[in-house]
Every structure is written in C-alpha cells, then in structure tokens.
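Here is a short report on one protein chain. Look at the structure first, then read on.

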Amino acid sequence: MSQSLTQTRYTISEVEARTGLTQHTLRWYERIGLMPHVDRSHSGQRRFTDKDLDWLAFVGKLRATGMSVADMVRYAELVREGEHTVGERRELLERTRREVRSRITELTDALAVLDYKIDMYAMKTVSGKAQQ
C-alpha cells in the first residue's frame, strides 16, 4: 500500500475524533443514504477518505441551516445520480438559503427586542427602578 493511500484513509474512530460525530451517527448516516458508499478494509472496517470528510463537513453545514434529514438525504441521492440533477440540487439549496435568510431576519428582530430590554434594564438598574 502506498504512503499516500495510507495518509488518506481514516477509521471510524479517527473520523469521530476529527468531526465530533459519534460512530453511531456515522453508521446511521451511511444506513440512511446520507453518506456515499464508504470503502471497507479487507477485514470489513470502514475506511473513510478525505473526500468523505469533506462531505461530512458539508453535511454539517446543511444541518446548521436547519435542513431536514429527508432533504439532506434527497440532496445526497441527487449527487449520486449525477450531473443531470444539478438544477434540482440548486433549487433545493436555494430554498434552504431563503429559509435561512428568513430565520436570520426573525433572529435579528428578536435580538433588537432583547437589546432594547437589556438597555432599558441597565438604565433602570442605575436609577434603582427595575421593571418587567
């Protein structure tokens, strides 16, 4: 086995340490089709590649957007189906982007209310009159 091959293969324990995902989660991702096929060693151990780690990082970003597991699995299926699905993949990502932007707006509004209340309490605490 060449040096470059051994440097790009990771056990499930190593992937757990690198990504923070549990082994259970990694196996589940594979079982539900969220992970592409993971190579196995001659003894049957999963052997992840740098490409697999990149995919897991991307899935982590999708999770952070609030994308549903079903939509993430659908996206993974589309990727595996090939280039003819680029349009559908783009639509899925654009819809997710719209949802994220909407949530950012909602959170920005909520933050403004919190800032207002905190400032109000800061002024009242200084003057000795704390309210709701």
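## Leu93

Leu93 is partly exposed, because its relative accessible area is 30%. The terms work like this: buried means under 20% relative accessible area, exposed means over 50%, and partly exposed lies in between (1.4 Å probe, protein chains only). Leu93 sits in helix H6, residues 86-127. Helices (H or I, at least four residues) and strands (E, at least two) are DSSP runs, numbered from the N terminus.

This is a predicted model: local features need pLDDT of at least 70, side-chain atom pairs count only at pLDDT 80 or more, and totals for chains, interfaces and linings use all residues. Residues are numbered from 1 along each chain as its sequence is written, and side-chain values use heavy atoms, with hydrogens and water left out.

What does Leu93 contact, leaving aside neighbours within four places in sequence? The partners are Phe58, Leu62, Met67 and Tyr75. Contact means heavy atoms within 4.5 Å. Along the chain, Leu107 is 14 residues from Leu93, and their C-alpha atoms are separated by 21 Å.

## H4 against H6

Two packed helices are described by the angle between their axes and the distance between the axes. H4 and H6 pack at about 45°, with axes 10 Å apart. Axes are lines fitted to C-alpha atoms, for helices over the stretch in contact, and angles run from 0 to 180 degrees between N-to-C directions. H4 and H6 are therefore oblique to each other. Angles under 35 degrees count as roughly parallel, over 145 as roughly antiparallel, 65 to 115 as roughly perpendicular, and the rest as oblique.

H4 brings Phe58, Leu62, Ala64 and Thr65 to this contact, while H6 brings Leu93, Thr96, Val100 and Arg103.

## Glu88

Glu88 is also found in helix H6. Its relative accessible area is 38%, so Glu88 is partly exposed. Glu88 touches Arg74 and Leu78, not counting residues up to four places away in sequence. Ala17 is 71 residues from Glu88 in sequence and 34 Å away in space, C-alpha to C-alpha.

## The nonpolar core

The largest nonpolar core has 21 residues. Such a core is a set of buried Ala, Val, Leu, Ile, Met, Phe, Trp, Tyr and Cys residues joined through side-chain atoms within 4.5 Å. Val15, Tyr29, Leu34, Met35, Phe48 and Leu56 touch the most other members. Helices H2 (12-19), H3 (23-32), H4 (50-65) and H5 (69-81) each give two or more residues. H4 gives the largest share, 5 residues.

Val15 touches Tyr10, Gly20, Leu26, Phe48, Leu53 and Leu56, not counting residues up to four places away in sequence.
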